Amino acid sequence: MKYMHWTRRGLFLAAAGAVALISGLSERATAQTPPGVLIVGQVAEPKSLDPAAVTAVNDFRILVNVYEGLTRYKSGTLEVEPALATGWDISEDGTEYTFTLRDGISFHDGTPFNAEAVKFNFDRMLDKNHPYHDTGPFPLSFFFGAVEATEVVDDMTVKFTLNAPYAPFLSNLAYPTGLIVSPAAVEAHRMDYGRNPVGTGPFRFAEWRANEAVVIERNDAYWGEAAGTQAVVFRPITDSNTRVAEMLAGGIDLMVEVPPTSLGQFSGEGFSIVEQAGPHVWFLILNAKEGPFADKRVRQAANYAINKEAIVNDVLEGTASVAAGPTPPAFAWAYNEELEPYPYDPEKAMALIAEAGADGAELTFYVTEGGSGMLDPVPMGTAIQADLQAVGFEVKIETYEWNTFLGEVNPGLEGKADMAEMAWMTNDPDTLPYLALRSEAWPEKGGFNSGYYANAKVDELLEAARTATDQDERARLYREMQAVVQEDAPWVFVANWKQNAVTSDRVENFGLEPSFLLHLQGVTKN
Amino acid sequence: MGGYILKRLVSAVPVLFGITVIVFLIMSLIPGDPATAILGSYATPENVEKLNRDLGLDKPMVQRYFIWLGNMLTGDFGRSFSLNRPVIDVVLERFNATMILAGTSFVLCSILGILAGVVSATRQYGLADKAITFVVLIGISVPSFFLGMMLILLFAVNLRWLPVSGMYAIYGGGDLPDLIRHLIMPALALAAVATGVIARLSRSAMLEVLRQDYVRTARANGVSERRVIMGHALRVAMVSIFPVLGIQAGFVLSGAVYVEIVFQWPGVGRMLVDAILTRDLLLVQGGVVFVAACYVLFNIAVDVAQCLLDPRIKT
């Protein structure tokens, strides 16, 4: 009996203790995040804060607030405007770019921004013999692969010489890989520079608590308009359900990449949802070299047979819009407004298939489990399979983990599959078609044209657009290319993703950019 | 005893060696390479080849294995490709967080499990026994990540008593109460299954012992019930409970992966998952070898403790 008394009393004490502990401890858990400090829920821990060394959008979101490039995207567009450079001259033949730099700017460490600093940045990335080339690797350095030499003309003028005319150069400079780092900081920290970043941007790096948070603080000496918040904290929260829970509980003020199925939870008071279409396209690569898709009519039939509206609205819950062609509408200046998406028309698809004699053809379809920009690839793949079965194909899905998938798809589909899912996000209308639609970009030639599409007209248009330095001329060439490609249907054009974010009602002036970058300079928080 | 410990430590060497071979082979043979993972959309054969060269992955596999092993023997675990930091720094930093979580869970499940088992056994088929059995079965059956999400919804989102995720508050945190507040839910979610298993086992071990003659003799001699149970019976039952604790420690450590993901706990499990997805070879290899070594050492410690507890076990 004694023992029983002991346990009962013990249990009671333990329970009372636990209640006291939880209620005492929870006092501060409900406290809101401090005003003037914006807490952002990110999808992953950044790899590094060295702009030359990273490739992920997740890391770019932090970088663009700490650093600036010579050029940047004009707010709300993908057009280039001056940033650290005030202007530039392009030589007649399009191979020499001379930039005039903005005067009187210092890096956060107090060292001056000048032509030497610009030269240091590009030489570090591109010149194998540069003393700081070993602070890499620099996986995206080929963005500037056309740069043959970077010269200091005078303290505030720098000249790039290209090995051939390359029109996307200006927008590549606006891409995060072109952000300018402080040479003195690279020299001081060498391999650890990525964790001790120094730029010229509206925020300066303050602290990186591994796996918990990256903190940046307002740069009071900023040359432009000062940032609206005192500090921004980027918290990596990998699991999307946990990210949603943090947002609902008030632990973060802003979250990016809200899962489509969770958007409904934020439709009420206290939150606002922001959406912005970006330079993203989700498509199916069709194997145009062999099998049923070697016939253009069957490729068009696939475009008619798939109900893209249903995929976009039901599978993706409205977080994407239907794609019309190979170039996303976010590239407003180069987008062909006249293109209409292939309508959903199974009758027409069946007629085309009958005409081509491809009834009942068996198709092997590569689907990935996930991956950058791939949205919800498995349910999307299943919906596509059902639509294609409905017009008489036999579709066999093979599913792969993302890196394995790339290993299968990038070397080409020949002998393996008839179609594969794919998605791209780019910074210039040149990138994707140039790398994935030219006949010179077949896998064996080092490109991403895994479906072996070839059209001499498209090749010609893309080469011409790359070397034209006049933007209107480039735009005209890209529009023509889009019309030809849409008609040829080397891909099934499925969706353009709209990036989304949710903010609490304490956050003001927040907007997303078509570049998918996250500029937080103007944001305020009460 | 010293000889026994030494013998066990020496026998661990081939085990660890085997682990290095297996983890290296797996990471070398799985499809997809780090360069492709890093480059993503831009993984042209040309770019991949160049980056592989920069990362030192162009050498033959056997050569790479021995370079890695040789470096590791001198304490150099290499640099993580994706984080660009020394592997050992990353692993130690993360392991610390995992130990706090798994350690707390382990203590929780040991105490709660044994306590529940003892109470159950002493009241076999009574109301307390049935109630405990019911709760324990639920604990065993509910996956830890699901339990974790439900805890978050109830205590963090609806009641707002506890923070959703992380290890410390972003602002004004960093002290012990702050850590405990962040630790409560993940530790409970992680301990649930192991508590159930230990409770079931302790119950049957106790029942076995309580039927022994010496227990009856002790009771007949008028020894208090509390002393009979805690002093006489439990001490003996511990001999069969102890090895299970060792096994459960392993489960808690591996189960930490799920809980770390749900609660965004900055531990080694989540690190390994991320590293595998980005094909961060050296980080995966170094991390697995480190965790495996800790597990092997822990098991040796359990065996040694077992010896001390039960002198009949030959050393």
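Q: Which residues of helix 8 (residues 308–315) of chain A are buried?
A: This is a predicted model, so everything here is computed from it. In helix 8 of chain A, the buried residues are A:Lys308, A:Ile311, A:Val312 and A:Val315. To be called buried, a residue needs 20 or more other C-beta atoms within 10 Å of its own.

Q: What makes them lie on the same side of helix 8 of chain A?
A: Their arc around the axis is only 115°, which puts them on the same side of helix 8 of chain A.

Q: What covers the buried residues of helix 8 of chain A?
A: The cover includes strand 14 (320–322), helix 10 (377–390) and strand 18 (491–504) of chain A. After helix 8 of chain A comes A:Glu317, with a positive phi near 50°.

Q: How do you know that the radius of gyration of chain A agrees with a compact globule?
A: You set two values side by side. A compact globule of 526 residues would have a radius of gyration near 24 Å, and chain A has 26 Å, so the two agree. Buried residues make up 52% of chain A.

Q: Why are strand 4 (85–90) and strand 6 (147–154) of chain A said to stand at the edges?
A: Start with the order of this open sheet of 4 strands in chain A, which is 4-5-7-6, with antiparallel pairing. Strands 4 and 6 of chain A each have a single partner strand, so one side of each has no neighbour in the sheet. From one strand to the next, the twist averages 20°.

Q: How do you know that strand 5 (residues 96–101) and strand 7 (residues 157–162) of chain A pair up?
A: Pairing takes at least two bridges, and 5 bridges join strand 5 to strand 7 of chain A, which run antiparallel. One of the residues to look for is A:Tyr97, whose bridge partner in strand 7 of chain A is A:Phe160.

Q: Which helix lies across strand 5, strand 6 and strand 7 of chain A?
A: That's helix 3 (residues 115–126) of chain A, running at about 165° to strand 6 of chain A.

Q: How many residues does each chain bring to the contact between chain A and chain B?
A: Chain B brings 50 residues and chain A brings 48. On the side of chain B that touches chain A, helix 3 of chain B gives the most, with 6 residues. The residues of that side divide into 30 nonpolar, 12 polar and 8 charged.

Terms used
Residues numbered from 1 in each chain as written. Chains lettered and ligands numbered in written order. Predicted model: local features only at pLDDT ≥ 70, side-chain atom pairs only at ≥ 80, totals over all residues. Rg over C-alpha atoms; globule rule 2.2 N^0.38 Å. Buried ≥ 20, exposed ≤ 12 C-beta atoms within 10 Å, placed from the backbone. Helix = DSSP H or I, 4+ residues; strand = E, 2+ residues; numbered from the N terminus. Arc of directions from axis to C-beta. Contact = placed C-beta atoms within 7 Å. Nonpolar A, V, L, I, M, F, W, Y, C, P; charged D, E, K, R; others polar. Axes fitted to C-alpha atoms, helices over the stretch in contact; angles between N-to-C directions.
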